[in-house]
Amino acid sequence: MKTIIIIPARMASTRFPNKPMALIDGKPMIQRVWEKATDSKIGPVVVACCEQEVFNLITSVGGKAVMTSAEHPSGTDRIFEVAKNFPDIKEFENIINLQGD
């Protein structure tokens, strides 16, 4: 079974602004989540984000990030945008929505 992991991230949380970039033992939370997802070797890992800061971080560590609309009301909407535009998405039987928080 082919599986893809998509991690939604946004900086505009009302309860914890800038949460994806919050440091945990000196490393941004979104980077830690991406690393663990990648280490699982389940399948490709993509971070779905709407801020350049998150995109730049993930791509700087060798990951794949996709910019999405800032207008999405939820992480699921962000994931759907990435999935519907992902090349060969029909090859995947599973899409894992990995929430990093």
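Predicted model: local features only at pLDDT ≥ 70, side-chain atom pairs only at ≥ 80, totals over all residues.
I started at V47 and listed what V47 touches beyond four places in sequence: I7, A9, I30, W34, V54, I58, K64, A65 and V66.

Next I looked up the core. The largest nonpolar core has 17 residues, and V47 is among those touching the most other members, along with I7, I30, V54 and I58. I checked which elements give two or more residues to this core and got β1 (3–9), α1 (29–39), β4 (45–49) and α2 (52–60). Which element gives the largest share? That is α1, with five residues. I also found another core lying apart from this one, with ten residues, including I6, V46, V82 and F86. For context, nonpolar side chains in soluble globular proteins tend to be buried together.

Then the strands. β4 runs parallel to β5 (residues 64–67), and I counted four bridges joining them. One pairing I wrote down: A48 has V66 as its bridge partner in β5.

Last entry, R78. I found R78 in helix α3 (residues 75–85). Is R78 buried or exposed? R78 comes out buried, because its relative accessible area is 1%, under the 20% cut-off. I listed its contacts too, again leaving out residues up to four places away in sequence: R78 touches P8, A9, R10, A48, C49, C50, T68, S69 and H72. A9 turns up in the contact list of V47 and in that of R78.

Conventions. Residues numbered from 1 in each chain as written. Heavy atoms only, no water. Core = buried A, V, L, I, M, F, W, Y, C linked by side-chain atoms within 4.5 Å. Buried < 20%, exposed > 50% of the residue type's maximum accessible area, 1.4 Å probe, protein only. Contact = heavy atoms within 4.5 Å. Pairing = 2+ DSSP bridges.
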